[in-house]
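Please keep the sequence and the three-dimensional view at hand.

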Amino acid sequence: MAMGEAGTGTFYDALATHPEATPSQIRQAYRKAALRWHPDKVHPADKELAQRRFQEVAQAYEVLSDGRQRRIYDLYLRCRPYGCLEVVNPEDPLGPGLEVPFANWDEFSRLFSSGQLQTGDWMGEDSARYEENPSDGSDAPISVWEWLIAGGVVLSLWCVAVWRHEHNVWLKEMPARIFTMHAEYAAPMGTLLAPIFFGTVPFKEAVGWMNAVVEAAESMDEY
């Protein structure tokens with residue numbers, strides 16, 4: 001059964017939103033639903049289901065994103081439990097109305113697209129929700145400050161990445177002798193000097209070790 005037929009969900013259900021949603025909320029709901037059910041984003045075992053849901057999401061947004069189509073669809077939801085739409089009898093406007101039957105949304109929408117029925121002001125309709133509200137900030141564009149902050153974060157990450165790359169290049173190009181001194185002498189000496197500030201190593205022993213390191217480094221320079 002196609003979505004919109006009696007007994008099934010609604011286009012609002014497909015987008016996980018509600019009939020009172022504003023146009024911007026409809027757009028947000030569509031983005032989330034389309035991302036969730038995109039066939040390329042799911043497990044291969046769920047791809048068939050995702051394709052079906054993705055098509056339902058696209059069909060729902062096609063109707064609900066158009067103000068006129070959404071008005072007709074909301075009228076359809078109100079009439080769906082009865083299976084017919086009551087209209088004024090053109091031959092007897094003051095008499096009982098005519099009941100126009102329909103089976104599903106496709107048939108209902110064709111009543112208006114074919115010109116058999118005309119859109120107008122319907123009883124119980126809240127036409128304000130079909131129009132864009134400038135004060136609605138739920139779908140507002142990104143501000144200049146947000147762009148600057150995002151750009152600063154990206155630039156910082158880029159600088160760190162460049163620094164790490166240059167550092168790795170520097171280590172690879174460093175002469176083996178200098179790297180050996182750094183790894184075998186300078187780094188251990190720095191590690192040993194740290195406890196001196198906390199008083200855990202006698203100063204005389206630390207100085208003796210440093211002198212030995214310096215003498216060993218000088219002996220390497222002679223070769």
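A pocket is defined on a 1 Å grid over the protein atoms alone as an open set of points where a 1.4 Å probe fits, with protein on both sides within 12 Å along at least five of seven lines; its lining residues have an atom within 4 Å of a point. The model is predicted: local features need pLDDT of at least 70 and side-chain atom pairs count only at pLDDT 80 or more, while totals for chains, interfaces and linings use all residues. Residues are numbered from 1 along each chain as its sequence is written, and side-chain values use heavy atoms, leaving out hydrogens and water.

The second largest pocket is lined by 14 residues, among which D13, A14, R36, W37 and R53 lie nearest its centre. By class, 8 residues of this lining are nonpolar, 6 are charged and none is polar (Ala, Val, Leu, Ile, Met, Phe, Trp, Tyr, Cys and Pro count as nonpolar, Asp, Glu, Lys and Arg as charged, and the others, Gly among them, as polar). At least two lining residues come from each of α1 (11–14), α2 (23–36) and α3 (47–64), helices being DSSP runs of H or I with at least four residues, numbered from the N terminus.

How do the axes of α2 and α3 cross? They come within 10 Å and cross at roughly 170°, the axes being lines fitted to C-alpha atoms over the stretch in contact, with angles from 0 to 180 degrees between N-to-C directions. Therefore α2 is roughly antiparallel to α3, a term for angles over 145 degrees. I26, R27, Y30, A33 and A34 of α2 make the contact with F54, V57, A58, Y61 and L64 of α3, where contact means heavy atoms within 4.5 Å. These residues comprise 9 nonpolar, 1 charged and no polar.

Elsewhere, α4 (residues 67–79) and α5 (residues 105–113) pack at about 125°, with axes 10 Å apart. This angle makes α4 oblique to α5, the class left once angles under 35 (roughly parallel), over 145 (roughly antiparallel) and 65 to 115 degrees (roughly perpendicular) are set aside. R68, Q69, I72, Y73, L75 and Y76 in α4 meet W105, F108 and F112 in α5.
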